[in-house]
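Visitor: I'd like to learn how to read a model like this one, feature by feature. Can you walk me through it?
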Amino acid sequence: MTGTAPSVDAGARLSGVGVGRGGVVGPVVQVRPAPVVPADTPVLVDGAPADGPATHAVLDAAFATVAASLQEQAGRAEGSLAEVLTATAQMAADPALRSQVLARVDGGEPPVSAIDGVVSTFVTMFEQAGGYLAERVTDLRSVRDRLVAAALGLPAPGVPELRVPSVVVARDLAPADTAALDLANVLAIVTELGGPTGHTAIIAGQLGIPCIVRVAGATDLPEGGEVAVDAAANVVTVAPDEALRAELVERAQAERALASDTAAGATADGHPVALLANIGTAEDAERVAGTAVEGVGLFRTEVLFLERATAPSVEDQAATYTRALAALGGRKVVVRTLDAGADKPLAFATAADEENPALGVRGYRLVRTHPELITTQLAALAAAQEATGVAPWVMAPMIATAAEARDFAQAAHAVGVKTVGVMVEIPAAALRAEQILAEVDFVSLGTNDLAQYTMATDRLRGELADLLSAWQPAVIELVASTARAGKATGKPVGVCGESASDPLMALVLVGLGITSLSMAAGAVPAVRYAVRHHTLDTCQQMADAALAAGSAEAARSAVVALADPQVRAALGW
Ligand code: PEP
Ligand code: MG
């Protein structure tokens, strides 16, 4: 960053937009971007461009260093991360890759261009081979970036190996980078870009990792320096003092105390509100199965498809869904079909030239361009249902019309899905919720996208977070009309967007008539606590107050004013 960057001296506070309520202290590990260098950049030895033999020696050393460091990381990692790292190390150690690069250099090609050229040939070969090899293309590109950095003496790019619990800091992280993090050592995530309802922030929240996005100056934080990340206060503090450390420890203890209440979700007067978890993988299902949730309200299956060059097979998908259903042992599981596109592009499904991807072929609309993706996924879900004897609820994302809801319901019923629903995340669907509910068994409100489309505000633009707020009365109005349609038809209307994880907003949602709230598992205890300490009547008064307010801020203040003072103090409202 340049001269306008905030100070990173001890005690300096960098603000951003927090996700979740967690607070931690730990050392900074910076994620380095891939080096961007001209293809003819020479290798330097003692500050001068190297001659042929010296370039040869530098490249030999670069191949050896990259392979050894990846192998070393693989040796320390576990599970799928270890497998990916081992396969990547093998690519860096591949004699064919090395000899072809050296041959090009011997023929007079600059080293960066030679590495890029050879890796591109391998990428094409892998893509043409399909299957497992095609899935390794991203790893090949990462080997190329590491080789270029090593040859030019630059820091290794990408998410570095985390040897101790660390605060991962990046300019931005793709959802796939976040999904690949070595979780055991990630204390928190801080990014300069991104928005609080972007998918990276959501994945972090789901994993219970405190996250702050839109932190100007974050990439200037010194490597290894200690910072406090307080997602509830939206602040990263450099070299925190004892008082702040003690406050964060105390807060963590209070959160743990809330988590000891495992009663089913209900208001103070016993009106039931199912509290469910959002997940993205079978591992998440196994993790949340150990917590007091009534099931899963949103399984974001696109996480299985990210970073792959081809779609996973029916068998691969069925294995994952079977594992997730089995882990939940008969508790409700709502699986959402593939929601690719916009900020979750898939190499094999998303057109690269869409000018407005958030308004383009995303979510259920993929049925127009890649119908086989939907049918394969439904077949895999049917197989998982057969294997476990557990019937998942299945819903489609990004439904705009009742006709789309009808088509999806037909396709799902045809393979034996018993309970079919759709997401309401486009204003058109909220406005026509009654017609949509006539076609399906339930709907679930995706308030992240509903806010994005209602307010015409890109959910990745953190600087517009005020417009994107689910407290905007226009967004609450659409939630209210959907809930009314649920009451009129006697069908469940849940919320699975991030707004369900805000304990204060959860009270408004209950008051509007929402029947279930699905969120990151870590957010459930505070929501359960808030709901348990207010009657349905109070929640309804809160909903009326929010709907009557003239702005998002006024709506929130009006609801805080009606909240129980003890809860207000405990949750810092
Ligand atoms: C939403 O839009 O609120 C939602 C739950 O879906 P996603 O965040 O995955 O787009
Ligand atoms: Mg959505």
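Guide: Let's begin with pairing: two strands count as paired if DSSP finds at least two bridges between them. Keep in mind that this is a predicted model. Here strand S3 (residues 23-30) pairs with S6 in the parallel sense, over three bridges. Gln30 is the residue opposite Val169 in S6.

Visitor: And over how many bridges do S6 and strand S7 pair?

Guide: Five, again in the parallel sense, with S7 covering residues 186-191. Ala170 has Thr191 in S7 as its bridge partner.

Visitor: How do I read the two faces of a strand?

Guide: In a regular strand the side chains alternate between the two faces of the sheet. Now take S6, residues 166-170: five of its five residues are buried. Ser166, Val168 and Ala170 sit on one side, Val167 and Val169 on the other, and both faces are covered.

Visitor: In what order do the eight strands of the barrel close?

Guide: Follow the parallel pairing and you get S11-S12-S13-S14-S15-S16-S17-S18. On average, neighbouring strands in this sheet are turned by 25° against each other, direction ignored. Val422 finds its bridge partner in S16 at Val443.

Visitor: Which strands does helix H11 lie across?

Guide: Helix H11 (residues 314-328) lies across strand S12 (295-300) and strand S13 (332-336), and runs at about 160° to S12. Helix H21 (residues 524-532) lies across strand S11 (274-279) and strand S18 (516-519), at about 160° to S11.

Visitor: How should I describe a pair of aromatic rings?

Guide: You give the distance of the centres and the angle of the planes. The count here comes to five aromatic pairs. In one of them, Tyr364 and Phe408, the ring centres are 5.7 Å apart and the planes are at 80°, so the pair is edge-to-face. Tyr364 belongs to the loop between S13 and helix H12 (366-369), and Phe408 to helix H14 (residues 402-414), 44 residues apart.

Visitor: Are Tyr364 and Phe408 buried or exposed?

Guide: Tyr364 is buried, at 6% relative accessible area, and Phe408 is buried too, at 0%. Next come Trp393 and Phe442: their ring centres are 4.8 Å apart with planes at 50°, so this pair is tilted. Trp393 is in strand S14 (residues 393-396) and Phe442 in strand S16, 49 residues apart. Trp393 counts as partly exposed at 22% relative accessibility, whereas Phe442 is buried at 4%.

Visitor: How many residues does the largest nonpolar core have?

Guide: It has 97, and Phe408, Trp471, Val508, Leu512, Ile514 and Leu517 are those with the most contacts inside it. Helix H20 (residues 503-512) supplies the largest share, eight residues. Leu512 touches several residues beyond four places away in sequence, among them Ile476, Val479, Ala543 and Leu547. Another core, of 31 residues, lies apart from this one and includes Phe63, Leu85, Ala92 and Leu97.

Visitor: Where is Ala239 found?

Guide: In the loop between S10 and H9. Ala239 also has a positive phi, of about 45°, and is partly exposed, with a relative accessible area of 36%.

Terms used
Residues are numbered from 1 along each chain as its sequence is written. Chains are lettered from A and ligands numbered from 1 in the order in which they are written. This is a predicted model: local features need pLDDT of at least 70, side-chain atom pairs count only at pLDDT 80 or more; totals for chains, interfaces and linings use all residues. Side-chain values use heavy atoms; hydrogens and water are left out. Helices (H or I, at least four residues) and strands (E, at least two) are DSSP runs, numbered from the N terminus. Axes are lines fitted to C-alpha atoms, for helices over the stretch in contact, and angles run from 0 to 180 degrees between N-to-C directions. Contact means heavy atoms within 4.5 Å. A nonpolar core is a set of buried Ala, Val, Leu, Ile, Met, Phe, Trp, Tyr and Cys residues joined through side-chain atoms within 4.5 Å. Buried means under 20% relative accessible area, exposed over 50%, partly exposed in between (1.4 Å probe, protein chains only). Rings of Phe, Tyr and Trp (its six-membered ring) pair if their centres lie within 6.5 Å; planes under 30 degrees apart count as stacked, over 60 as edge-to-face and the rest as tilted.
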